[in-house]
Amino acid sequence: MAGRHGNERGYVMTLDMLWHLAARWYEGRMDYGYVRREPATAAQYFREVGLSGQFWGLPASRP
């Protein structure tokens with residue numbers, strides 16, 4: 001469904017979910033020798049903080 005400006009509504013999360021996602025996502029980024037997460041590790045992190053669905057490259061959560 002398109003919004004009033006003709007754009008589809010994107011992914012929306014609560015502030016609480018954003019906090020859980022960001023809390024450890026940036027750990028070590030400023031450290032010398034930082035190595036980014038591999039996609040499988042990132043997906044596991046997303047699952048750990050309660051994310052699911054196509055936007056995150058994960059299966060949809062079950063009701």
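Which residue follows helix 2, and is its phi positive or negative? The residue after helix 2 is Gly50, and its phi is positive, near 95°. Helices here are DSSP runs of H or I with at least four residues, numbered from the N terminus.

Before going on, a word on the model. This is a predicted model, in which local features need pLDDT of at least 70 and side-chain atom pairs count only at pLDDT 80 or more, while totals for chains, interfaces and linings use all residues. Residues are numbered from 1 along each chain as its sequence is written, and side-chain values use heavy atoms, with hydrogens and water left out.

Now the helix pair. Two packed helices are described by the angle between their axes and the distance between the axes. Helix 1 covers residues 15–25 and helix 2 covers residues 39–48; they pack at about 140°, with axes 10 Å apart. The axes are lines fitted to C-alpha atoms over the stretch in contact, and the angle runs from 0 to 180 degrees between N-to-C directions. That angle makes helix 1 oblique to helix 2. Angles under 35 degrees count as roughly parallel, over 145 as roughly antiparallel, 65 to 115 as roughly perpendicular, and the rest as oblique.

Helix 1 brings His20, Leu21, Ala22, Ala23, Arg24 and Trp25 to the contact, and helix 2 brings Ala42, Tyr45, Phe46 and Glu48. Contact means heavy atoms within 4.5 Å.

Next, what is buried. Buried means under 20% relative accessible area, exposed over 50%, and partly exposed in between, with a 1.4 Å probe and protein chains only. In helix 1 the buried residues are Met17, Leu21 and Trp25. They cover an arc of only 55° around the axis, which puts them on the same side of helix 1. The arc is taken from the directions from the helix axis to the C-beta atoms. The buried residues of helix 1 pack against helix 2. On the face turned away from that buried side, helix 1 carries the exposed residues Leu15 and Trp19.

In helix 2, Ala42, Ala43, Tyr45 and Phe46 are buried. Seen down the axis, these residues fall within an arc of 160°, so they line one face of helix 2. Helix 1 is included in what covers them.

Last, the loop between the two helices, where Arg36 is found. Arg36 counts as exposed because its relative accessibility is 54%. Its C-alpha atom is separated by 9.7 Å from that of Tyr26, 10 residues apart along the chain.
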